[in-house]
Amino acid sequence: MIQIPQDLARQLERAVRNAQKADALPPFDIPPLKVTRAPKPEHGDYATPAAMQLAKPARMKPDAIAAVLIEHFPKTDYVESVEGVGGFVNFRLSDVWVQQQVDEIIAAGESYASMEDFAGKRAQVECVSANPTGPISVHRIRGGVIGDTLARLLRAMGYDVEMEYYYNDAGRQMDVLGRSLRARYLERLGFPFDFPADGYQGHYMYDLANELIAERGDSLVEEEDVGPFKDFACERISRIQRASLERVGIVYDHYFSEQSVYADGSLWQVLEQLREKGLVYEALKPEKDEDADERPDAEEIEAAGDGPATWLRSRQLRGAQKDCALVKSSGEPTYRLPDIAYHVNKLERGFDLAVNILGADHIEQFKDVKAAVGALGYDPERIQVIIHQFVTLVNEEGERESGSTKKGRFVELDELVDEVGIDAVRYFMLARSADSRIDFDIELARKQSNENPVYYIQNAHVRCAGIARVAEERGISPEGGDVHLLTDPRELALMRKLLELPEIIEQCVRDLAPHKLAFWAHEELARLFHPTYEEIRALHSEVPDGLAKARLKLYAAAQIVLARALSLMGMSAPDQM
RNA sequence: GCGCCAGUAGCUCAAUGGAUAGAGCGUUGGUCUACGAAACCAAAGGCUGAAGGUUCGAAUCCUUCCUGGCGCACCA
């Protein structure tokens, strides 16, 4: 199964070389040639501005170059015509070839749009990576959906993909968690308790306290060490988080514990390596640029510890505004140091590509990590990031609810799933560019009508399954149907749309933009499918048997593509609503 | 104050530096009552937040503003 624009670009490059050999074009280095979908049907199926791109290096007029490219364009089985219009070169696919692809799609079945571009390459996707301090919020799940979908897309492109969850089970927050649980434990048993000022106040801490009592009775009342509370809370909350994520189809291959970079000492090795490069220093306060804006900052003064802390030269390293602390004056690392050590570990594991999905509030942190691993001699381009903006829930009254707050109430993933279902959560979290904020419209997500994209896409699959079912009942089989009977423009348009999936997948992976799949599935595929299905009848009494069989094949192919697109998005493809 | 992200039809959003900036919802006007699970067709709607610049060509790249979100901890 070819990615048409990529193949056209290759053929185009051959055309340039052929033309150069024939002295129709002067010698020059060929830049990457772009091939896009043609904006309008009258321009054909695909187009390239290559003639305009090459005007400068070739020192010729675009029209003349276009004529040369057309003349030297290699013959292929799938291109019907190559034409030059206004400096563009337009390609039209062969209808016969397009028709044959219906049989190809059916033969490929579930493996349709499985590609080998990155066969033998290993990729890793890290997402969610929430601390085990509470249930998964709606907030976090956006990253989970983006990451999981990207992982599926990378697999479709041939990558061997590992899903990873980085598990912050060390540091101060875990102590706060342990102390919070101890307070709730004592509270439930009727003993006096001190709830930490910055403790975790969510209702789930009471549930955990009850579970702890059920398991250990009052045996921990005298316990001075927060360790047992911390471990219990961490273990239970992790399990809850894992279950919530699995419920929406996000399953991890590997959990990486922050504690492990403490345990194996790699944390301190990384610090020493950074020190050898002259990238860290000890000081009471971070050094500042002479001309830095001296913003009155009470918090900063308050935050300073008693002794010197260890700082990373973020300003020197990447032009940051501020250096950041790696080790506190207490000798305890901040989260950034283990984070750097973790990413060194990732790269040491040999991934060709490691993608992080992070919320917008983590951008500065990621820049430090990327710059630091780069300074330590790793290729920072092997680590990529998708930064996503925040999610707001919009309820029936049109009111906005904030996605999350640490201490008070926040909307849990499980609650949202109960409300709108798994498929809607996945679709709506995916469907917008990561750069845009999402207003999650709960009312729309619950609708059982075509206004709801989830329903609209799935309904297309239902219709395909439905017609296959009816055909079977009537004893009509697509078997032996002749695809060359599918000559109606609407049929051909649908076939062309079905053939776009591979290039959409490629685009999502190249741009690290999985939302494009969701957009395509709804606005392109389903949007074209429904009217076609309405008008192109397969089992109507006036449709001849041969054509009926061919059309059943078309809908069988459409069903395969719809199912594949849905499965890449982690959504179900129902046969009946 | 500084940094990152966004600003595109009334609304929600698309658009690899390429052709006349596209969809849906809503609005308006039509068609359809079925082989199939809740339909279809069309129209109106735009100075792409503003102003400069780069380019053969800019929603897209650069500069300066305006508005909104998120950051700017010895929290994670």
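Which residue stands opposite V327 in β10? The points below lead up to the pairing concerned.

1. This is a predicted model.

2. Take domains 1 and 3 as a pair. Contact, with C-beta atoms within 7 Å, involves five residues of domain 1 and four residues of domain 3.

3. On the domain 1 side, helix α1 (residues 4-21) supplies the largest share of what touches domain 3: three residues. By class, the domain 1 side of this contact holds three nonpolar residues, one polar and one charged.

4. Now the sheet. It is open and has three strands, ordered β8-β9-β10. The pairing is antiparallel. In general, strands of a sheet pair through backbone hydrogen bonds, either parallel or antiparallel.

5. The edges are β8 (280-283) and β10 (324-327). Each has a single partner strand, so one side of each is left without a neighbour in the sheet. From one strand to the next, the twist averages 45 degrees.

6. Strand β9 (residues 309-312) is joined to β10 by three bridges, and the two run antiparallel. This brings us back to the opening question. The residue opposite V327 in β10 is T310.

Note on methods:
Residues numbered from 1 in each chain as written. Chains lettered and ligands numbered in written order. Predicted model: local features only at pLDDT ≥ 70, side-chain atom pairs only at ≥ 80, totals over all residues. Contact = placed C-beta atoms within 7 Å. Helix = DSSP H or I, 4+ residues; strand = E, 2+ residues; numbered from the N terminus. Nonpolar A, V, L, I, M, F, W, Y, C, P; charged D, E, K, R; others polar. Pairing = 2+ DSSP bridges. Axes fitted to C-alpha atoms, helices over the stretch in contact; angles between N-to-C directions.
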